[in-house]
Each structure stands twice: as structure tokens, then as C-alpha cells.
Amino acid sequence: MSLLAPALLAGLLGLALPVVAHLLGREPPRRIPFAAVRFLEPREPTVTQRRRVHDVPLLVVRLLLLALLVFALARPVTRGERTLSVVGEPHDAVILVDGSFSTDLRIDERRDLERAVERVRELVEALPVGTRAALLTTDPAGPRLEASEDLERIPRALEGWLEEGAPRPIGRRLGDELVQATSLLPPAEPDRERVVYAVGDPTPGGLGSLPERGPEGIGLIPVATRDESLVVPEHVSIDAVTWAPAPDLDPRAVRIAASVHRHGGGDDVRTVGVALRIDEAEVARGEVTLAADEAGPVEFTHTVLEGGAGPVAATVELLPGTEPDPLPGDDRRALWLAASERLDLVLVNGDPSERRVNDEAFFFTTALNASALGGSVTVHSLAPDQLEERVREKGPGALGDADVVVLANVKAPSAEVAAALRSRVEAGMGLWITVGERVESTAYNQALPELLPLRLRGTSEAGTLPGRAQARTEGLAPPQLAHPLFAGLDGDLALSGTRTRRLVLVEPDPRRDAQVALAYSSGGPALVTLELGRGRVALLTTTIDRDWSDLSLRPGFVPLVQHAVAWLAGAESAGSGAQLAAGSPWSRASDGPYSIRLPDGERRTLSPDEGVITFEDTWIPGHYRARPVEAPEDEPERVFAVVVDARESDTSYDPGPPLVDESGLSEVRASQPQWRWIVILAMLLLGAESVARARARARRRSANLPIDA
Amino acid sequence: MSDALAHPLARLLDDELLALLGRRELSLRGTVLGQRQGPHRSVRAGVGRDFRDHRPYVPGDDLRRLDWRAAARQSRLMVRRTEAEEERSLALLVDASGGMAYGGDPGAGLGPGPTGTPAHKWRRAGTLACALAQVATRQGDPASLLLGVSGELRDSLAVPRAGRQRLRAIAEVLWDARAGGRCPWLPMFDRLERHLRPRSLVVAFSDLLDPVQAAGDDPDAAEAAIRARLVDLRARGHEVVLVQILHRDELDFPWTDRRVARFEDLRGVRAPVEAPAGDLRAGYLERIAAHLARQDGDFEREGIRLVRTVTDVPSTAATLELLGRIAGEPTSLPAEVASP
């Protein structure tokens with residue numbers, strides 16, 4: 001055992017005070033020289049000075065209580081087996097705490113987030129004096145503290161956060177918050193290191209999401225909430241739920257498919273019961289048998305009743321097993337069912353070809369039909385001149401029913417088409433631009449200056465890229481899974497082997513709020529997105545046929561098309577596609593207020609801000625209903641479901657990359673406060689004090705002495 | 001001349017008091033039998049201003065004293081006799097024990113009293129004694145002074161002398177002495193009697209609260225012994241006045257709170273008493289009142305005038321009261337003990 005504040009033991013000297021006070025202490029009497037002392041006679045002896053201790057046991061007990069108080073102030077701790085790596089010299093640090101959903105995992109009746117807070121407390125105690133530390137969590141509503149030498153406020157803030165109900169079902173990965181964390185670091189100073197301590201659970205979404213190195217000039221030290229020796233109990237989650245119409249069974253029948261995942265487990269197989277609830281009433285049950293770390297499908301069919309008042313609230317949930325699930329938040333998944341929910345997609349093929357290998361439309365429609373969206377998307381193919389003609393005839397209303405427009409290797413659109421596209425995108429439509437031989441950069445930049453995520457700089461052969469003189473093709477880097485386009489995507493798209501021979505270069509422009517969803521292995525953007533008004537735009541900088549790339553031949557092309565189309569259409573979708581990850585905002589164009597009913601029955605009324613209703617408090621998984629406050633009764637509700645990010649259900653052990661540079665780090669044993677036994681001892685002593693006091697009173701009463709103790 | 005350099009006489013008797021004393025005489029209730037002619041009525045007929053009676057002329061009588069009118073009425077020579085005015089010796093006995101060192105007199109360097117009252121018992125005794133000496137010497141009466149301080153007797157002025165030099169000497173002794181310790185009453189009486197002239201005026205100054213000489217002595221017995229010596233002087237024809245000087249604190253006991261106080265005997269004879277002061281008050285006031293009432297009775301019974309004065313009374317009023325009481329007038333400044 002050791003003491004964190006041994007200097008406070010000097011307070012033990014204070015124990016002498018009650019003894020001295022007991023023996024000598026009294027107020028010195030006023031001294032009054034007087035001539036008539038002869039006539040002063042006290043009526044009874046007055047005890048004005050006590051030189052003998054009357055109640056030794058009572059004094060001893062009280063002294064022990066005081067000593068215990070001093071000892072507690074000296075903060076006794078024992079050094080545990082666990083060690084922490086900290087920078088040995090005073091430095092600037094950010095403590096980044098993983099507050100994602102996976103930290104709700106209960107092991108030995110403690111949640112991982114509670115362990116994270118305990119690690120932070122140990123870390124704070126281990127940091128050298130003079131260190132300035134800031135705090136950030138992956139929860140946008142969590143505590144955020146600027147850098148300061150007052151380190152004690154950090155664990156206090158985290159404990160308050162825990163009491164407020166953290167963690168929430170957040171799907172943010174620890175590694176994605178590094179850039180924001182480094183922004184909290186004070187400006188660099190010579191001879192003063194800058195470090196991010198990333199405190200998280202050793203899971204793929206926690207420490208496993210950290211890069212090998214921190215940003216330039218900034219150290220990265222992972223701090224695990226637990227080590228591998230702690231046995232993580234298995235748990236089961238529902239990773240995904242999708243539905244599709246099943247006209248082969250009934251015109252209004254739907255198939256509901258759920259992916260059930262067993263995380264962890266031993267050599268045995270486990271049968272998991274799954275139930276389908278429609279409007280909270282259980283309508284079907286199914287089972288799936290799973291080995292360790294295995295996912296399996298469960299399928300239900302259901303017939304949506306005719307004459308229903310709109311989409312139907314469905315929930316797929318796990319039936320309770322013999323053991324309580326250590327991560328229960330992912331045991332339910334909500335979705336909305338509709339028998340006739342379809343997407344309208346307009347594909348403008350700028351380079352139609354008899355040969356399939358040179359036809360964008362062929363690859364696109366083939367991939368779309370092979371995806372989960374295949375049964376619910378209606379594709380309308382148009383030639384560019386047909387589009388221009390329809391726009392000339394109908395104006396922007398020519399695209400009125402389209403959810404997504406794909407410009408596949410189209411020459412720069414005319415001004416009328418460009419205006420129609422812009423108008424519709426701002427109203428919520430999705431636009432996907434893919435390039436090819438017919439795309440002229442300058443013309444595109446002039447025609448679609450605001451719709452293009454980034455301005456085009458012309459085509460380039462892959463082999464001529466700076467620094468890539470030896471290569472003749474470009475591969476694709478792993479997708480930016482933090483991009484909302486890839487929400488729900490589990491793992492890689494397997495596009496790293498893609499060979500792209502030619503591509504369109506784009507001009508970086510920090511003023512535009514463009515995001516790169518997919519990049520080439522050289523770092524150049526491959527798929528860039530932009531949100532404009534209520535709509536979304538995506539730009540693929542190579543072709544979707546075989547002309548410039550073999551991307552369309554890759555298996556990852558199907559999920560890429562599926563996610564891109566779903567994301568582009570998702571802005572205004574009200575049907576099955578309206579599944580939001582918890583915490584993602586829901587928005588809708590409206591001139592009037594909306595009433596939103598939350599899964600727990602609470603109603604919120606939101607007023608539009610510049611014509612857009614934005615609801616951000618989507619932290620409760622389940623069914624949400626939205627309706628304009630002044631809408632007629634027969635107008636269908638806008639609905640959306642909020643689900644937990646399936647990646648957060650993965651609790652497999654992943655401590656992340658090892659420390660790259662351990663020089664300058666010192667190993668500190670984590671201290672464990674020894675409060676419990678001090679509290680027990682204090683309670684015992686308080687009891688003893690009461691007994692001693694009662695005995696002293698009884699003794700004085702029997703001796704007919706004044707009772708003053 | 002600054003106060004610090006003024007003669008003790010001027011410091012004990014301020015101008016107001018001096019002006020007052022200039023018009024006063026030290027007149028006595030009884031007659032005197034002095035050695036020299038003085039202002040006091042004698043038991044013998046003599047040279048004086050007040051008519052007494054007539055007697056037949058005998059050879060040798062002073063012819064200036066023949067009363068021709070009476071001779072005409074009586075048809076024989078008659079001599080007019082007047083009251084003889086003879087000197088009366090003033091003997092001052094002053095108790096300078098520690099009990100008198102109470103109160104305050106910042107001007108005399110004595111500091112404020114425990115309750116902030118400025119009047120100091122010892123200084124008041126000096127003023128009154130000096131005032132009597134001033135009146136006496138102005139009348140031509142001799143005066144003597146005996147001082148009992150710190151267990152010792154100061155008798156340098158024990159032999160009665162008249163004149164201003166004696167007055168100044170008395171003032172110097174009274175000013176220079178610092179009250180403390182015990183007062184050796186009995187040796188003081190012994191010394192007094194060696195030089196006391198017949199039918200003197202003996203004035204004793206004391207608080208007469210606790211005249212014991214040692215721890216364990218009976219204070220009532222000690223007081224009775226003093227009273228016996230005064231009675232003896234009275235029986236031998238001397239006029240005896242006892243001036244009891246008290247401080248207001250001794251009559252009111254102003255400490256009423258519950259804080260513990262340590263009362264220390266100024267004479268250094270008795271053990272300190274330590275107690276919450278407020279608890280002591282009622283008993284003290286009861287006892288001091290009984291003590292003073294008993295003293296009044298005892299001294300009156302013995303024919304000794306007891307003049308009680310409190311130091312918060314202005315010195316002029318206290319002096320007038322003393323002169324009046326010596327002349328046989330009733331008191332106008334009664335000293336009452338506070339109610340508990």
C-alpha cells in the first residue's frame with residue numbers, strides 16, 4: 001500500500017491537539033485584582049481546569065477516528081497488477097474516451113464505460129505534475145474540457161456523464177475522433193510533448209479503430225478498459241433487418257430478413273429464439289442455431305393488411321435466453337414495413353453501346369438488381385437528348401418523380417437540364433455523376449458549378465500520377481466507413497484489387513463541404529460526395545463500365561452501388577430505407593411545424609429553420625412518426641426507424657495497434673483506492689464511540705457528576 | 001508649570017478644591033485642650049471672640065477684659081470671659097495597603113481600573129488627607145501623618161508640626177507612596193500614641209474591607225482590634241473619625257457574565273477565587289451589604305464617626321462631606337450597595 005498524498009500524514013500531529021486541549025485547554029480566565037476577595041464565595045466548586053483524563057476509552061476512540069480521517073486524506077492506494085504507459089515528463093495531453101454503444105457491455109456486473117472512467121482516474125493520477133490535459137468523448141453530448149493543469153475535473157466530469165445515463169447508442173469509432181481530439185491540444189511548445197491518450201474498449205470500434213500512429217508530431221497512447229485476461233461473456237445481437245416485397249406469396253406480402261450474430265462463445269452451438277412484432281404484438285417466432293462468432297439469418301413473412309393507415313411498425317427481437325444478455329441494447333431492431341415502397345431512378349446513359357463491356361447502363365442495372373435494393377427500385381433509362389427534350393417540355397417537373405438521377409458518362413448537361421437538376425437536388429433528390437470519355441471537365445465545371453462536389457481538372461492516366469511513374473493502374477483504398485454512405489457496412493468492400501487505368505482529377509477545395517467516401521490507393525479521391533440543400537450528390541472519378549477501370553467487375557461494386565443509391569435516395573425517403581443510425585439527424589423540407597412521436601410515446605413539436613425541419617434527438621432506438629402539425633388526417637405519416645450501429649455489437653478482442661514508439665514513456669502501476677476498508681473501520685469506530693460515550697454518561701450519572709461528554 | 005513638574009500638593013489638591021478649602025474651617029463637634037491658642041473652642045475659658053460669662057474681678061486680671069456695663073449692673077468689678085480658642089492637633093493615619101490600590105487615575109500614572117472607572121482609592125485617600133492637613137495648617141493647627149504600606153510603618157511625619165512646610169511634606173509622602181501589601185495597624189497606633197497631643201483629632205483612612213495581616217487571620221477580629229484602639233483613643237479625649245474609602249465596583253460588583261474570572265487579592269493575603277463571575281455576584285452583594293451595615297452599627301455604638309465615601313463622587317463633594325461630618329453634620333452622600 002502507498003499513499004498518494006503522504007505529506008498530509010503530517011496532520012497526525014494534530015492528534016496531539018485534542019489531548020493537549022483536554023488537559024490544558026480552556027479559556028484563560030480574566031484576571032481581576034480585587035480588594036474584597038474576602039466576600040467572594042463560590043456556591044459550588046466550579047471545574048475550570050481539568051488536568052486528568054476522565055474517559056480514556058472515549059478519548060482513544062475519538063483519536064482513532066481523527067487518525068483515520070487523516071489517513072483517508074492521505075489517499076491510501078495499492079498498486080495493482082495493471083500498468084499504464086504515460087509520458088514521463090510534463091506534457092500536453094488529450095484524454096479521448098470511447099463513449100460508444102459497445103462500452104455498455106457488462107462484464108462482472110460492471111460496464112466497460114465505468115472501467116473507462118476508472119482508467120481515466122488512474123491515468124490522471126499517474127500523469128506527471130505540470131501536465132495540461134483536455135477531455136473529449138465520442139459522444140457529442142458528452143463532456144468536453146479544454147486543456148488545463150487541473151486534472152481532477154476530468155474524472156469528475158466523466159462521473160457526472162455516467163450519472164446522466166452514458167453511454168448512449170452511439171456508433172462513433174474512437175479512431176474517427178482523433179482529429180477532433182488533437183484540436184483540443186494547446187499550441188506546440190518546444191520540449192513539450194503532445195499526446196492523445198485514447199481510452200476505450202478493446203474492440204474493433206474502440207481501440208481497434210485507432211491508427212498505428214497519431215497525427216504528425218502527436219503521440220498516440222491507447223489505454224484499454226480491460227485486458228485480455230478478463231473473460232468477455234458471449235452475447236447475441238441483431239446486426240441487420242431488411243425487408244422486401246414477396247409478390248410470389250401474396251401481393252401485399254413482405255419478407256423480413258434478420259441477421260443474428262453470436263459474439264464470442266465456446267465450442268458449443270447455441271439456439272437463439274427470435275420474434276417478430278408488428279405494432280408491439282408478437283406475430284411470429286423463429287430460431288437460428290449459431291456456433292461461436294457466427295452470424296445466421298432468420299426470415300419471416302408477413303402480409304400487410306389492406307387499408308392500413310400507412311407503414312407498419314415492425315420489430316425483430318431476440319427472445320430472452322437462460323442468461324441475461326451482457327449487451328441488451330442490440331437485441332431489438334425496428335423497421336417500418338410498406339407493401340409498395342419503391343425508388344424511382346433515372347439513369348442517363350451518355351455513352352450507350354451495343355457491347356455490354358462498354359455500356360455503363362448494363363453494369364449499373366446489373367449491380368443494382370443484384371443488390372438488396374433490386375426488387376424495390378424502378379430504373380428509367382434515358383439518353384441525354386431525351387432528358388433535355390423532357391426538360392424543355394416540362395421544365396424541372398420533368399424529374400419530379402425521380403428519387404435519384406445518375407449521369408453516366410454524359411456530356412456536360414445543358415443549362416436548362418443543369419438548372420432542373422440543381423432545383424431538384426436542392427429539393428431532396430440524389431444525383432450521381434460518373435465520368436468517362438464524354439465528360440469534359442471545363443464544360444462540367446461551367447454547367448454544374450454548385451452541384452459538383454469538387455471541380456474537375458481533366459483526365460489523367462494512372463501511370464502518370466506524380467510519384468507513381470512505375471504503376472500503370474490505381475487500386476482503391478479501404479472505404480471511409482465513417483462516411484454515412486457506408487452506414488451499416490460491415491467490413492471491407494474488397495475493392496483494393498481494383499485496377500483503374502484512367503481517372504478524372506479534381507481540385508481540392510476546402511471551401512466546399514465535400515467528403516471523400518472512397519479514395520485510390522495513391523490518396524486521390526475516387527468517390528466524393530456533397531450535400532446540397534436537402535439533396536445529395538456523388539461523383540465517381542472513373543467509369544462504371546470497363547472503359548477506364550475494372551471496378552464494375554469487382555464483387556464490391558454491388559454493395560457500393562447499393563449503398564450509394566440508398567444514401568442518395570435516403571434524404572427524402574419515407575419508407576423502408578428510412579433507417580437512421582442512433583444520433584443521426586432526421587430532416588425534411590417543410591414550411592410548417594412538425595409533430596414527432598418518439599418510441600417512448602413522447603411528442604415533440606419542431607419548427608422549421610429556413611424551410612427545413614431537423615430532428616437531432618434520435619438517441620432512442622425504435623419507431624419514430626412525424627406529421628405536419630396542420631396536415632389533414634388522411635395524409636400518411638412520415639416515419640423512420642432508429643437502429644444501433646451494428647458495428648458496435650462486435651465485442652471481439654481487438655486492442656488496436658501496439659505502441660510504435662515507447663521511448664520517453666514510463667510504466668506506472670495503476671493505483672486502486674482503498675476506501676472500502678477505511679469506511680468499514682470508520683463505521684466500527686463510530687459504533688465504538690457511541691458505546692464509550694454511553695458508558696461514560698452512565699458512569700457520570702451514577703457518580704452524580706455533571707454530564708458534559 | 002506642567003502637571004508632571006507640579007508639586008504633589010498641587011496635584012493632590014486641584015484649584016477648585018483649593019478655592020473651596022480657602023473658605024472652610026476645620027470645626028469640631030467637641031472641645032479641645034490644646035497647648036497653644038488656636039481656633040478651636042477649649043474646655044477652658046480663654047482669649048477668644050465668643051462671649052462665655054462674667055466673673056468678679058480678682059487682682060491680676062487683664063484690665064482690658066473688665067466689662068464696665070456688667071460692673072455697673074453688679075456694682076462690683078466684673079471681668080468678661082470669652083471662649084478660649086486653642087489649637088487642635090490633627091493626626092492622619094492612612095492605610096496604604098494593597099486593598100487601597102484599586103481603581104484608576106491615568107493622570108497619576110495609576111492606569112485605568114478594571115471597569116474603566118478613573119477614581120483610585122489610594123489617590124482619593126491622599127486627596128482627603130491632604131485637604132484636612134491644608135485646612136488644619138492654615139488654621140495653625142499642627143498635623144502629623146502615619147502611613148502603613150507593604151507591612152511597614154512610615155513615621156517620618158509622626159511628630160505634629162504646624163506650618164506650610166508640614167503640609168508640603170505630608171503631600172509629598174502621600175504622593176510618593178504606592179499602596180501595596182498589608183497595613184500594620186497596631187504598630188501604627190502604638191507609634192501614634194507616643195506623639196499624640198491631648199484632645200487631638202485623629203482621622204484614619206482605610207477601606208476597612210479586609211484588615212488581616214496574614215492568611216488565616218480572622219478579618220472580623222482584626223477589624224475589632226482596630227476598632228478597640230480607636231475606642232481607646234476616643235476614651236482618652238481624642239476626636240476620632242474613620243474615613244472608609246470604597247470603589248463603586250466594590251458596591252456594585254459589575255461583572256455579571258458567565259465568563260470565568262480569577263479574582264486576586266490585592267493585599268496578597270488571600271487565595272484567588274476563580275469562577276464564572278456572574279455566579280458570584282448575588283452572594284457577594286449580600287455579604288458586603290451585611291458587612292457595611294454591621295460596621296455602621298459597631299462604630300456608632302462606640303461613638304466613632306464612620307465617614308464612608310465612594311471614589312466616583314467628585315473630590316470636592318467628598319471633601320465637603322468629610323468636613324461636614326467632622327463638624328457633626330449628618331451625611332449627605334450615603335453609599336448604597338447595589339441590588340443583587
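# Briefing: helices, ring pairs and cores

Phe640(A) is buried, with a relative accessible area of 0%. The model is predicted. Phe640(A) stacks with Tyr624(A), their centres 4.9 Å apart and their planes at 15°.

- Over all chains, the count of aromatic pairs comes to 17.
- One of them joins Trp586(A) and Phe640(A): the centres are 4.8 Å apart and the planes meet at 15°, so the pair is stacked.
- This pair also links distant parts of the chain, with Trp586(A) in strand β28 (residues 586-589) and Phe640(A) in strand β33 (residues 638-643), 54 residues apart.
- Trp586(A) has a relative accessible area of 6%; under 20% counts as buried, so Trp586(A) is buried.

**Ring cluster and charges over rings**

- Ring pairs also build a cluster from Phe34(A), Phe39(A), Tyr102(B), Phe253(B), Trp255(B), Phe263(B) and Tyr284(B).
- Arg123(B) places its charged end over the ring of Trp175(B), 4.1 Å from the ring centre.
- Arg227(B) does likewise with Phe299(B), its charged end 5.7 Å from the ring centre.

**Nonpolar cores**

- Nonpolar side chains tend to be buried together in soluble globular proteins.
- The largest nonpolar core here holds 71 residues.
- Those with the most contacts inside this core are Phe34(A), Leu92(B), Trp122(B), Leu132(B), Leu174(B), Phe205(B) and Phe263(B).
- Helix α4(B) gives the most to this core, with 10 residues.
- Leaving aside residues up to four places away in sequence, Leu174(B) touches Leu12(B), Val94(B), Trp122(B), Arg123(B), Gly126(B), Ala129(B), Cys130(B), Leu145(B) and Leu147(B).
- A second, separate core has 39 residues, among them Leu347(A), Leu495(A), Ile544(A) and Phe557(A).
- Phe34(A) and Phe263(B) belong to the ring cluster and are also among the residues with the most contacts in the largest core.

**Helix α10(B)**

- Helix α10 of chain B runs over residues 315-326, 12 residues in total.
- From first C-alpha to last, α10(B) reaches 16 Å, close to the 16 Å expected at 1.5 Å a residue.
- Of its 12 residues, 10 are buried, so α10(B) is largely enclosed by the rest of the structure.
- The buried residues are Ser315(B), Thr316(B), Ala318(B), Thr319(B), Glu321(B), Leu322(B), Leu323(B), Gly324(B), Arg325(B) and Ile326(B).
- Their cover includes α2 (15-21), α4 (121-139), β6 (201-206), β7 (239-246) and β10 (305-310) of chain B.

**Helix α2(A)**

- Helix α2 of chain A has 18 residues (56-73), which should span 26 Å at 1.5 Å a residue; its end C-alpha atoms are 26 Å apart, so the two values agree.
- Buried along α2(A) are Leu58(A), Leu59(A), Val61(A), Leu63(A), Ala67(A), Leu68(A), Val70(A) and Ala72(A).
- Arg75(A) follows α2(A) and has a positive phi, near 55°.

Note on methods. Residues are numbered from 1 along each chain as its sequence is written. Chains are lettered from A and ligands numbered from 1 in the order in which they are written. This is a predicted model: local features need pLDDT of at least 70, side-chain atom pairs count only at pLDDT 80 or more; totals for chains, interfaces and linings use all residues. Side-chain values use heavy atoms; hydrogens and water are left out. Helices (H or I, at least four residues) and strands (E, at least two) are DSSP runs, numbered from the N terminus. The expected span of a helix is 1.5 Å times one less than its number of residues. Buried means under 20% relative accessible area, exposed over 50%, partly exposed in between (1.4 Å probe, protein chains only). Contact means heavy atoms within 4.5 Å. Rings of Phe, Tyr and Trp (its six-membered ring) pair if their centres lie within 6.5 Å; planes under 30 degrees apart count as stacked, over 60 as edge-to-face and the rest as tilted. A charge sits over a ring if NZ of Lys or CZ of Arg is within 6 Å of the ring centre and within 35 degrees of the ring normal. A nonpolar core is a set of buried Ala, Val, Leu, Ile, Met, Phe, Trp, Tyr and Cys residues joined through side-chain atoms within 4.5 Å.
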